[in-house]
Amino acid sequence: MSNPNPVPLTILLVEDDEVDIMNVKRAFKKNNISNQLVIAHNGIEALEILRSDVPDKPNPKIILLDLNMPRMGGIEFLKEIRQDPELSSLFVFVMTTSNEDGDKIDAFNLNVAGYILKPLSMDRFIAAVSTLNSFWTLCEYPE
C-alpha cells in the first residue's frame, strides 16, 4: 500500500543563469510546490552534490537540467550520470533554450524524461512547472 503522505521528493536544479534560477523558484512558489529545491550551477557541482557522502545530504530523485553551462554542460553531465550505477536511474528533465535537433537527439539517447524549451513568458513557464509537478507527484518511485 502506498504511503498516503509521502515526503516530497528533492529536486536538483542544474542551472548557471541566476535569472532562470529565480524563475524556477517563482514558478515553484506560484504552483505551491513544496519539494526541496537544491541548486547546482554546473554539471561538476551537481555531481559533487549527488556523490557526496555527507550525512543527511539532499538525495534528489529528479533533476531539472540546463544544457548550456560552463565547466560541464548538460549533455556531458547526462553521459556521466548514465554511466554511474548509483545515479543512472535519476529522472532528468532538460529545461533549455537550445532548440537544436542534435541536442534533443543526444538528450533522448541519454534517457531524459522530457525536453522542455524555456518559454519566453512567465505564465507559460509556470504552466510547464505545474505540469512537471503533476508528473512527479503521480509517479511512484522505489525506496
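The model you are looking at is a predicted one. The two strands that meet here are E3, residues 62-65, and E4, residues 91-96, and they pair in the parallel sense over 4 bridges. As a reminder, strands of a sheet pair through backbone hydrogen bonds, either parallel or antiparallel.

Now step back to the whole sheet. It is open and made of 5 strands, which follow one another in the order E2-E1-E3-E4-E5, and the pairing is parallel. Strand E2 (37-40) and strand E5 (114-117) each have a single partner strand, so these edge strands are left with one side that has no neighbour in the sheet. From one strand to the next, the twist averages 20°.

Next, look at the helices that cover these strands. Helix H1 (residues 18-30) packs on the sheet, where it touches strand E1 (11-14) as well as E2, E3 and E4. The direction of H1 makes about 175° with that of E2. Helix H3, residues 74-82, lies across E3 and E4 and runs at about 155° to E3.

Two packed helices are described by the angle between their axes and the distance between the axes. For helix H2 (residues 43-51) and H3, the axes come within 9 Å and cross at roughly 25°. An angle under 35 degrees counts as roughly parallel, and H2 and H3 are therefore roughly parallel to each other. Their crossing is right-handed. On the H2 side, Gly43, Ala46, Leu47, Leu50 and Arg51 make the contact, while H3 contributes Phe77, Glu80 and Ile81. Sorted by class, this contact has 5 nonpolar, 1 polar and 2 charged residues.

Let's return to H1 and turn to its meeting with H5. The axes of H1 and H5 come within 9 Å and cross at roughly 65°, and H1 passes H5 in a right-handed crossing. H1 brings Asn23, Val24, Arg26, Ala27, Phe28 and Lys30 to the contact, and H5 brings Met122, Phe125, Ile126, Val129 and Trp136. By class, the contact of H1 with H5 has 8 nonpolar, 1 polar and 2 charged residues.

What about the aromatic rings? The count comes to 4 aromatic pairs. One of them joins phenylalanine 91 and phenylalanine 135: the ring centres are 6.3 Å apart and the planes stand at 70°, so the pair is edge-to-face. This pair links distant parts of the chain, with phenylalanine 91 in strand E4 and phenylalanine 135 in helix H5 (residues 122-138), 44 residues apart.

Technical notes
Residues are numbered from 1 along each chain as its sequence is written. This is a predicted model: local features need pLDDT of at least 70, side-chain atom pairs count only at pLDDT 80 or more; totals for chains, interfaces and linings use all residues. Side-chain values use heavy atoms; hydrogens and water are left out. Two strands pair if DSSP finds at least two bridges between them. Axes are lines fitted to C-alpha atoms, for helices over the stretch in contact, and angles run from 0 to 180 degrees between N-to-C directions. Contact means heavy atoms within 4.5 Å. Angles under 35 degrees count as roughly parallel, over 145 as roughly antiparallel, 65 to 115 as roughly perpendicular and the rest as oblique. A crossing is left-handed if the near helix is turned anticlockwise from the far one by less than a right angle, and right-handed if clockwise. Ala, Val, Leu, Ile, Met, Phe, Trp, Tyr, Cys and Pro count as nonpolar, Asp, Glu, Lys and Arg as charged, and the others, Gly among them, as polar. Rings of Phe, Tyr and Trp (its six-membered ring) pair if their centres lie within 6.5 Å; planes under 30 degrees apart count as stacked, over 60 as edge-to-face and the rest as tilted.
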